[in-house]
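Please read them beside the model.

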Amino acid sequence: MAHHPSFPIVSTCARILESFLAKPRLERCNRWTAFDAARVPSISIADYLSRLAAHFSCSHACHVCALLYLDLVVQRCPGCQITAFNIHRLYLTALVVAMKFHEDFYYDNEYCATVGGIECEEMNGLEGEMLTLLEYRLTIPHCKYKRYLEAMRLYFENFVSDDSDEKKIS
């Protein structure tokens, strides 16, 4: 999974997550989760992911795995949705879990919590909740990882071409 992609992984992850929020899911879902914040964080998801990337210095593969883990959580948890109330905590937790599983070096939860803007005790609880939702199955088959990475690349290329079309129009 150490392959270095030819497109910006972190900003692509942010755009994919933002696309979830572009759909009519800005309100809380009926089921409250441990990942839900009391209010929507003021930092954009793009700025938040940039902050995590800058302070964690983890591989691009961890960001891809974090996004994959979020897909799995939503699939395995009926009624759970990615919303503006939980997107930051979900991604932070998925990224921490990915770093701990896939990296030789990773920061402790106290540091990760501080960077993520939450308390260490909450980080510990969210990590346990994420692992439970993932049924402690963190291994991602290489073929699935490659398919997901390719889908992300295509998403990025499509997004870039959409941006270019908008610039031509204006």
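1. C62 is buried, at 0% relative accessible area (buried is under 20%, exposed over 50%, partly exposed in between, with a 1.4 Å probe and protein chains only). C112 is also buried, at 0%. The model is predicted: local features need pLDDT of at least 70, side-chain atom pairs pLDDT 80 or more, while totals for chains, interfaces and linings use all residues. Residues are numbered from 1 along each chain as its sequence is written, and side-chain values use heavy atoms, without hydrogens and water.

2. How many disulfides are there? The count is zero, a disulfide being two cysteine sulfur atoms within 2.5 Å. For C62, the nearest cysteine sulfur belongs to C58, 4.6 Å away. The C112 sulfur is 9.1 Å from its closest counterpart, in C120, so that pair is too far apart for a bond.

3. The whole structure has five salt bridges (a side-chain nitrogen of Lys or Arg within 4 Å of a carboxyl oxygen of Asp or Glu). E122 and R89 meet at 2.7 Å, N to O. E122 lies in helix α6 and R89 in helix α4, so the pair ties together parts 33 residues apart in sequence. R89 is buried at 17%; E122 is partly exposed at 27%.

4. K100 pairs with E127 at 3.0 Å. K100 is partly exposed at 27%, whereas E127 is buried at 12%.

5. E135 and R137 form a salt bridge at 3.2 Å, N to O. E135 is partly exposed at 42%; R137 is exposed at 53%. E150, R153 and E157 are linked in a salt-bridge network.

Methods: Helices (H or I, at least four residues) and strands (E, at least two) are DSSP runs, numbered from the N terminus.
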